[in-house]
Amino acid sequence: QVQLVESGGGLVQPGGSLRLSCAASGTIFSINSMAWYRQAPGKQREFVAVFTSDGSTKNADFVKGRFTISRDTAKNTVYLQMNSLKPEDTAVYYCKMVLQTSTHFYWNDYWGQGTQVTVSS
């Protein structure tokens, strides 16, 4: 019932920027957290950034101020602004949301389908 749809990926030159979006649709009673992960070919999926339940943000060390996570809770949407992109940022980027989607008070993880980001000259 709940779907996470990502957009904004594509091909960009080193030093360029991209803005990723992920919007959740369906029956959502509450949002616990919104996060971004990424997975490069042949590598393990890794954490990028998160909006926690208290509204604070946490970023992976490799971000180094280049990426900014933001959200629009009214639209059930999380964004990832990526600046100064490097070839090593090339990966499939996934959004994840921890959501309450029923009348029962419990949380479930939901994942987007992933969007490809390729940084190359």
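**Aromatic pairs.** I searched the whole structure and got two aromatic pairs. Rings of Phe, Tyr and Trp (its six-membered ring) pair if their centres lie within 6.5 Å; planes under 30 degrees apart are stacked, over 60 edge-to-face, and the rest tilted. I noted that the model is predicted: local features need pLDDT of at least 70, side-chain atom pairs count only at pLDDT 80 or more, and totals for chains, interfaces and linings use all residues. Residues are numbered from 1 along each chain as its sequence is written, and side-chain values use heavy atoms, with hydrogens and water left out.

I looked up Tyr37 and Phe47, which form an edge-to-face pair, 5.7 Å centre to centre with 75 degrees between the planes. Tyr37 is in strand β4 (residues 30-39) and Phe47 in strand β5 (residues 46-51), 10 residues apart. Strands here are DSSP runs (E, at least two residues), numbered from the N terminus.

Next I checked burial: buried means under 20% relative accessible area, exposed over 50%, and partly exposed in between (1.4 Å probe, protein chains only). Tyr37 is buried at 17%, and Phe47 is partly exposed at 28%.

Why is the pair of Tyr37 and Trp111 tilted? Their ring centres are 5.1 Å apart and their planes stand at 55 degrees, so I filed the pair as tilted. Trp111 lies in strand β10 (residues 108-111) and Tyr37 in β4, so this pair ties together parts that are 74 residues apart in sequence. Trp111 has 36% relative accessibility and counts as partly exposed. I wrote down Tyr37, Phe47 and Trp111 as a cluster linked by ring pairs.

**Charges over rings.** A charge sits over a ring if NZ of Lys or CZ of Arg is within 6 Å of the ring centre and within 35 degrees of the ring normal. I found the charged end of Arg45 over the ring of Trp111, 4.7 Å from its centre. The charged end of Arg19 sits over the ring of Tyr79, 4.5 Å from its centre.

**The sheet.** I followed Tyr79 into β8, where Tyr79 is the bridge partner of Ser70. Strand β8 (residues 77-82) pairs with β7 in the antiparallel sense over six bridges; two strands pair if DSSP finds at least two bridges between them. Both belong to an open sheet of four strands, in the order β1-β3-β8-β7, with antiparallel pairing. I marked β1 (3-7) and β7 (67-72) as the edge strands, each pairing on one side only.
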